[in-house]
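Hi,

Here is the structure I promised to pass on. Have a look at it first, and my notes follow below.

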2 protein chains.
Amino acid sequence: MNARDFPTWSDRLLTRVEQALVDWVPVDAPAGLGEAMRYAVLDGGKRLRPLLVLAAAEAVQGHAAAALRAACAVELIHAYSLVHDDMPCMDNDVLRRGKPTVHVRFGQAQALLAGDALQALAFELLTPEGDEVPASMQAALCGLLARAAGATGMAGGQAIDLDSVGRVLTEAQLQAMHRLKTGALLQAAVHMGAACATPALPAHTRAALDQYGAALGLAFQVVDDILDVTADSAQLGKTAGKDAAADKPTYVSLLGLTQAQALAAQLHTQAHQALDASGLTALAPLRWLADRVVKREN
Amino acid sequence: MNARDFPTWSDRLLTRVEQALVDWVPVDAPAGLGEAMRYAVLDGGKRLRPLLVLAAAEAVQGHAAAALRAACAVELIHAYSLVHDDMPCMDNDVLRRGKPTVHVRFGQAQALLAGDALQALAFELLTPEGDEVPASMQAALCGLLARAAGATGMAGGQAIDLDSVGRVLTEAQLQAMHRLKTGALLQAAVHMGAACATPALPAHTRAALDQYGAALGLAFQVVDDILDVTADSAQLGKTAGKDAAADKPTYVSLLGLTQAQALAAQLHTQAHQALDASGLTALAPLRWLADRVVKREN
């Protein structure tokens, strides 16, 4: 199980995640729907959320089959949110992961349905028939994912985002938005990995993983905002400078580039400190992921 | 528990369902999202799916708290599908349940998000924290709902529907479409009510309830197609004649009105016969609902 470096660890797990997604996102859904779903999910993305699930599961020696399902389920929720977010009535984006967005390729109606079906599929993956995953774990994973995806999580954050265009937000308001919009699902990824533990974890370990997930989730968004002004579209695989052009409040517009970079560094430290306090030992993958989130270039 | 007639039975349960929806669809979701979600769900709809869940749960003497949650969860999936289905890129409808559709009232972006958040909320309702609902029941309910909502259920049926506009379908193709588009969720409502039983039901009872759900689901669609040509918009609370205008294949366009009416009657009989074979006794509500589906005027 123990890998010495991030590439060795992540390559092994990414192979497993990609294969599982190929197996589980249906080829044969009717009338082109499966094709649109697979286009939205396969061959793309950094798979940060699945890796977080698997890293947290490894840290707690969690149920392997449950963790793989949870990893893919979180990625499906992420993928569906991108499909809907790119649609003309939302961000109206035409490029994603270097390819035309789903609605550009398949039409808006199919994109809407593909997103809807991907959300449902996430919960299908978490509830396999038979005894592959204990029922109590299935229920816990569904609950964590639903809460992270819904009105008090990702969808709520997107509503705030929509509402904030052209407004000046305070840092507290910006943080509240991002805690929901991107933070909730990243934090849920850590929670879901931890929920694959049997028996349940002690409270201080759960609290430490919570803090890790919160710091990492916010760091991710701060770095996203930094990259939106410092990277180009080819590097990002999506349209750069989009937030500034859309007059969306960002950490860079609010704090300036230097202070935003300082904040990212501070959150990175917080994530590591939380792990120090977790009482767990197999923490290398979670540490690598915290480094990766802050030091990424796309 | 025993009511002598449908209005007495359904009034009592509808009061409970409406109150639960008021309690569970969040008032305080951020940036107007909660308002859009409540607009989509509250004060409208026949609540056929919740009543089916509760009738099936009553027939099997199922877990009452689980059944109420399942009833509301199915209705949330139904409500989200209407919100997305009404959007300009899908059916582009402006009237639903006698009110402006969600995107007309709140804008397309908010409608998209409200639908997404309602789907997530359905799975939240099914996974309450604590021991209100046994974990194994939570997992089973999530699995049934996810499969009915997704690519091999409702969303898949909608993809076929989109793809069928302007085409001539055979009766078998039309039936395959409706089995997914509306049938899967209606059948899931019956399944989910039955899944609130402890211990699990004998196989012949499950098979009988399956047949009941399949017949009722298809009858619902046949009657929908009949009403689209025989009722007016005020009666329906939505735009009448819409399918014919959109050149969508329907049972009436395929079979003619008289044959469509005969098919509805035949499915009605099948539903009752399935109940006769179920081995259950508290069947009055399921029988009333079969009657209601076929004899409704909107």
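**What I found**

B:Ala31 counts as buried, with 20 C-beta neighbours inside 10 Å; by the cut-offs used here, a residue is buried if 20 or more other C-beta atoms lie within 10 Å of its own, exposed if 12 or fewer, and partly exposed in between, with C-beta atoms placed from the backbone. Phi of B:Ala31 is near 55°, a positive value in a residue other than glycine. You will find B:Ala31 in the loop between helix 1 (6–24) and helix 2 (33–41) of chain B. Helices here are DSSP runs (H or I, at least four residues), numbered from the N terminus.

Before going on, some housekeeping. This is a predicted model, so local features need pLDDT of at least 70 and side-chain atom pairs count only at pLDDT 80 or more, while totals for chains, interfaces and linings use all residues. Residues are numbered from 1 along each chain as its sequence is written, and chains are lettered from A and ligands numbered from 1 in the order in which they are written.

**How the chains meet**

44 residues of chain A are in contact with 44 residues of chain B, contact being C-beta atoms, placed from the backbone, within 7 Å. Helix 2 (33–41), helix 6 (108–125), helix 7 (135–149) and helix 8 (154–164) of chain A each supply at least two residues of the side that touches chain B. Helix 6 of chain A gives the most, with twelve residues. By class, that side of chain A has 26 nonpolar, 14 polar and four charged residues. The classes are Ala, Val, Leu, Ile, Met, Phe, Trp, Tyr, Cys and Pro as nonpolar, Asp, Glu, Lys and Arg as charged, and the others, Gly among them, as polar.

**Inside**

The largest nonpolar core has 220 residues, and those with the most contacts inside it are A:Leu145, A:Ala219, B:Leu145 and B:Ala219. A core here is a set of buried Ala, Val, Leu, Ile, Met, Phe, Trp, Tyr and Cys residues joined through C-beta atoms within 7 Å. Not counting residues up to four places away in sequence, B:Leu145 touches B:Ala73, B:Val74, B:Ile77, B:Ala122, B:Leu126, B:Ala188 and B:Met192.

After helix 2 of chain A comes A:Asp43, with a positive phi near 55°.

Helix 8 of chain B has nine of its eleven residues buried, so it is also largely enclosed by the rest of the structure. Its buried residues pack against helix 2 and helix 6 of chain A, together with helix 4 (64–85), helix 7 (135–149) and helix 9 (171–194) of chain B. B:Gly166 follows helix 8 of chain B and has a positive phi, near 80°.

Where are the cis peptide bonds? One joins A:Thr198 and A:Pro199, with omega about -5°, and another joins B:Thr198 and B:Pro199, with omega about -10°. A:Pro199 sits in the loop between helix 9 and helix 10 (203–230) of chain A, and B:Pro199 in the loop between helix 9 and helix 10 (203–230) of chain B.

A:Gln61 has a positive phi near 50°. A:Gln61 is in the loop between helix 3 (48–59) and helix 4 of chain A, and is partly exposed, with 14 other C-beta atoms within 10 Å.

Cheers

Methods. Two residues are in contact if their C-beta atoms, placed from the backbone, lie within 7 Å.
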